[in-house]
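Me: Hi! I'm new to this one, could you walk me through it?
Reply: Happy to, let's look at it together.

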Amino acid sequence: MTTPRIDIFTDGACSGNPGPGGWGAILRAGAHEKELSGGEKLTTNNRMEMTAAIEALKSLKKSSAVTIHTDSRYLMDGATQWMRKWKANGWKTSDKKPVKNDDLWRALEAAAAPHAVEWRWVKGHSDHVENARADALARGAIP
């Protein structure tokens, strides 16, 4: 049995930071696509960026090879570089302060665990079609 290959395109948006925010994700497996979105009344842009990836991963029904495309360096660098160090330090930064958004970093770790996840950064607002669609979903989900 082959492992499904899924591309996930995510974005987050906030009206004020903090303020009301939304997140959007597009999941693509071959010719099949699914759009997801949601929002919160009081949040930050970083939390919405993270929530988009978490909710997209949680929506997958079986273990998959996943490529997450994001315009958030915070999300990508956190997932690929910083999280291992934070976890080893008891969810503290190198200067011993609590990691911001640790609830979402832990949720991201759990949501990613069943999958082989690769991260790709895309430049935001640069005519990347799926990034623009994910941004529109996120903005449309702001309460």
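Me: Let's start with the lining of the largest pocket. How do its residues divide into nonpolar, polar and charged?
Reply: This is a predicted model, to begin with. The lining of the largest pocket has 5 nonpolar, 3 polar and 5 charged residues.

Me: And how much space lies in that pocket?
Reply: About 250 Å³. There are 13 lining residues, and those closest to the centre of the pocket are Ile6, Leu27, Ala29, Leu60 and Lys61.

Me: Which strands each supply at least two residues of the lining?
Reply: Strand S2, residues 19-29, and strand S3, residues 32-43, each do that.

Me: How many bridges join S1 to S2, and do they run parallel or antiparallel?
Reply: S1 and S2 run antiparallel, with 8 bridges joining them. For instance, Asp7 has Arg28 in S2 as its bridge partner.

Me: What do S1 and S2 form, and what's in the turn?
Reply: They form a hairpin, with 4 residues between the two strands. Gly16 sits in the turn and has a positive phi of about 90°.

Me: What about S1 and S4, parallel or antiparallel?
Reply: Those two run parallel, joined by 5 bridges, and S4 spans residues 65-70.

Definitions and conventions: Residues are numbered from 1 along each chain as its sequence is written. This is a predicted model: local features need pLDDT of at least 70, side-chain atom pairs count only at pLDDT 80 or more; totals for chains, interfaces and linings use all residues. Side-chain values use heavy atoms; hydrogens and water are left out. On a 1 Å grid over the protein atoms alone, a cavity is a set of points where a 1.4 Å probe fits but cannot get out, and a pocket is an open set with protein on both sides within 12 Å along at least five of seven lines; lining residues have an atom within 4 Å of a point. Grid points are joined across faces, edges and corners, and a volume is the space filled by probe spheres set on the points. Ala, Val, Leu, Ile, Met, Phe, Trp, Tyr, Cys and Pro count as nonpolar, Asp, Glu, Lys and Arg as charged, and the others, Gly among them, as polar. Two strands pair if DSSP finds at least two bridges between them.
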